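Please read it alongside the sequence and the coordinates.

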Amino acid sequence: VQLQASGGGMVQAGGSLRLSCAASGSIVRINVMGWHRQAPGKQRELVARITSAGSTNYADSVKGRFTISKDNVKNTVYLQMNSLKPEDTAVYYCNLRQYGRDYWGKGTQVTVSS
């Protein structure tokens, strides 16, 4: 399984970014895909995740600002990030979980300036 993320960058506070992550390889129909992030000096944390059935979970800090979606045909997950804040600055990692095993993509940097 390979995960290819894209869409990171630098934006001013209040701006928007959209992250994409395409999964390839031996992908099963039932899985969970999501995004985690890690800021300097902090632990990696869950941002949002979505099941193949479309159920979603969000970190409290991003509720109402971020939206996760998924294209099951393309095995691609998206994270629309609006009203970005400087505290959203982090490396964002795409994740896929299937059969209890986690796969990670290389991180993509998101920097929000004040």
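The text below covers the conventions, then a central strand, the disulfide and core, a second hairpin, and some loop residues.

**Conventions**

This is a predicted model, in which local features need pLDDT of at least 70 and side-chain atom pairs count only at pLDDT 80 or more, while totals for chains, interfaces and linings use all residues. Residues are numbered from 1 along each chain as its sequence is written, and side-chain values use heavy atoms, with hydrogens and water left out.

Strands are DSSP runs of E with at least two residues, numbered from the N terminus. Two strands pair if DSSP finds at least two bridges between them. Buried means under 20% relative accessible area, exposed means over 50%, and partly exposed lies in between (1.4 Å probe, protein chains only).

**Strand E4 and its neighbours**

Strand E4 spans residues 32-38. Five of its seven residues are buried, which makes E4 mostly covered. On one side, E4 pairs with strand E5 (residues 45-51) in the antiparallel sense, over six bridges. Strand E9 (residues 90-98) also pairs with E4 in the antiparallel sense, here over seven bridges. E4 and E5 form a hairpin with six residues between the strands, where Gly41 takes a positive phi near 80°.

His36 counts as buried because its relative accessibility is 16%. Leaving out residues up to four places away in sequence, the contacts of His36 (heavy atoms within 4.5 Å) are Arg44, Glu45, Leu46, Val47, Val91, Tyr92, Tyr93, Asn95 and Trp104.

A charge sits over a ring if NZ of Lys or CZ of Arg is within 6 Å of the ring centre and within 35 degrees of the ring normal.

| Charged residue | Ring | Distance from ring centre |
|---|---|---|
| Arg44 | Tyr93 | 3.7 Å |
| Arg44 | Trp104 | 4.7 Å |

Aromatic pairs, by contrast, number zero in the structure. For such a pair, ring centres of Phe, Tyr and Trp (its six-membered ring) must lie within 6.5 Å; planes under 30 degrees apart count as stacked, over 60 as edge-to-face and the rest as tilted.

**Disulfide and core**

A disulfide is a pair of cysteine sulfur atoms within 2.5 Å, and by this rule the count is one. The bond joins Cys21 and Cys94, with the sulfur atoms 2.0 Å apart. The angle about the S-S bond is -90°, a left-handed link. Cys21 lies in strand E3 (residues 17-24) and Cys94 in E9, so the link ties together parts that are 73 residues apart in sequence. Both Cys21 and Cys94 are buried.

A nonpolar core is a set of buried Ala, Val, Leu, Ile, Met, Phe, Trp, Tyr and Cys residues joined through side-chain atoms within 4.5 Å. The largest such core holds 29 residues, among which Trp35, Leu79, Met81 and Tyr92 touch the most other members. Elements giving two or more residues to this core are E1 (2-6), E3, E4, E5, E7 (66-71), E8 (76-81), E9 and E11 (108-113).

Ser20 is also found in E3, and it is buried at a relative accessible area of 19%. Beyond four places in sequence, Ser20 touches Gln4, Ala5, Ser6, Trp35, Val77 and Tyr78.

E7 and E8 run antiparallel and are joined by six bridges; in one of the facing positions, Ser69 stands opposite Tyr78 of E8.

**Loop residues**

Most residues other than glycine have a negative phi. Ser83, in the loop between E8 and E9, has a positive phi near 50°. Ser83 is partly exposed, its relative accessible area being 41%.

Gly54 sits in the loop between E5 and strand E6 (56-58) and is partly exposed, with a relative accessible area of 42%. Gly54 and Asn72 are 18 residues apart in sequence, and their C-alpha atoms are 9.5 Å apart in space.

Definitions and conventions: Helices (H or I, at least four residues) and strands (E, at least two) are DSSP runs, numbered from the N terminus.
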